[in-house]
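Please read this note with the model open beside you.

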Amino acid sequence: MDIALFSPSSLFADPDGSSSEETIETHDNFVERKHQFPGTELLIREFSFHQLNANLLWPGTFAFAEWLVQHRSQIEGRRVLELGSGTGALAIFLAKSFQLDITTSDYDDVEIEENIAHNCRINGVTSLLPHIRHSWGDVFPISDPDWDLIIASDILLYVKQYGNLIKSLSFLLKSYKPKASKEVACTTGHHDQFPLIRPTFLMSWRRRIGKEDESIFFSGCKEAGLEVVHIGSRVYSISLRGDTCEFS
């Protein structure tokens, strides 16, 4: 997760209440834990401390995984980018469970990238997930993004980064260019509980922050021409205002 500080005193608390179990300390800088995701268990190496808050899993990761399983028709066959991937656990779960075409991303930091690659290997993801090192607000390293679904969980921790996050998110949504081989009809015959715009950003937020801080982010999105819709279970859909091309 981008640009945030973490107190090491919370390292040994189970972020999701009951889903993690500390196993072995592999290095002074790391600890490995088992985490229960829907239908599977992952072994995830986490930083003992990381100044950019990429060191462990937050509650929203597990809640979002459950939600995505319940709405798998919304993500199957999509080309997905995860923002603030941290340890890469959610992306690894989605790649293993749904064979999803997913790219991880986080702050421009080689240690984060190497740790995600390590977690791919120890969980049997033989083809390492593509990774993009990107600090929110900086120029995005790919000029023609073709991800039709962007996801993230628990990334609204630091208000100072909201503007940078919205800047990067706006670029990804406004500059979306599907590859010719990936183009699909805007609307399919299958209908879930709600439609999603192509492209769209799905965000799960479970960490507690003040309503005022939360509203700063959502107001900033609206000022940037983005539409925010709460679709239930503290999952939000954010897309370009006025888009009508839906998939479901």
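The points below go from the whole chain down to single side chains.

1. Basis of the note. This is a predicted model, in which local features need pLDDT of at least 70 and side-chain atom pairs count only at pLDDT 80 or more, while totals for chains, interfaces and linings use all residues. Residues are numbered from 1 along each chain as its sequence is written, and side-chain values use heavy atoms, with hydrogens and water left out.

2. Overall make-up. The chain holds 5 helices and 12 strands, these being DSSP runs numbered from the N terminus (helices H or I, at least four residues; strands E, at least two). Of its 248 residues, 53% count as buried, where buried means under 20% relative accessible area, exposed over 50%, and partly exposed in between, with a 1.4 Å probe and protein chains only. Among contacts with a separation of 6 or more, 69% are between residues 24 or more positions apart, a contact being heavy atoms within 4.5 Å.

3. Nonpolar cores. A nonpolar core is here a set of buried Ala, Val, Leu, Ile, Met, Phe, Trp, Tyr and Cys residues joined through side-chain atoms within 4.5 Å. The largest one has 31 residues, and L94 and I151 have the most contacts inside it. At least two residues of this core come from each of β3 (40–47), α1 (59–70), α2 (89–98), α3 (110–122) and β7 (149–153), with α2 giving the largest share, 8 residues. Beyond residues up to four places away in sequence, L94 touches L68, I75, Q99, L100, I102 and I151. Another core, of 27 residues, lies apart from the largest one and has L83, F140, F218 and C221 among its members.

4. The R79 and D101 pair. The whole structure contains 10 salt bridges, each defined as a side-chain nitrogen of Lys or Arg within 4 Å of a carboxyl oxygen of Asp or Glu. In one of them R79 pairs with D101, the closest N and O atoms being 3.2 Å apart. Because R79 lies in strand β4 (residues 79–82) and D101 in strand β5 (residues 101–106), the pair ties together parts that are 22 residues apart in sequence. R79 is buried at 16% relative accessibility, whereas D101 is partly exposed at 30%. R79, D101 and D146 are linked in a network of salt bridges.

5. The R234 and E214 pair. Which side chain meets that of R234 in a salt bridge? The partner is E214, at 2.8 Å from N to O. R234 sits in the loop between β10 (226–232) and β11 (235–240) and E214 in helix α5 (residues 211–223), so the pair joins parts that are 20 residues apart in sequence. E214 counts as buried at 8% relative accessibility, while R234 is partly exposed, with a relative accessible area of 27%.

6. The surroundings of T200. T200 is placed in strand β9 (residues 200–204) and counts as buried at 0% relative accessibility. Its side chain is joined to that of S237 by a polar contact of 3.2 Å, and a polar atom of the T200 side chain lies 3.3 Å from the backbone oxygen of I238. Leaving aside neighbours within four places in sequence, T200 is in contact with D148, L149, I150, L173, S237, I238 and S239. A polar contact is a pair of N or O atoms within 3.5 Å; within protein, one must be able to donate a hydrogen and the other to accept it, and residues adjacent in sequence count only if both atoms are side-chain atoms.
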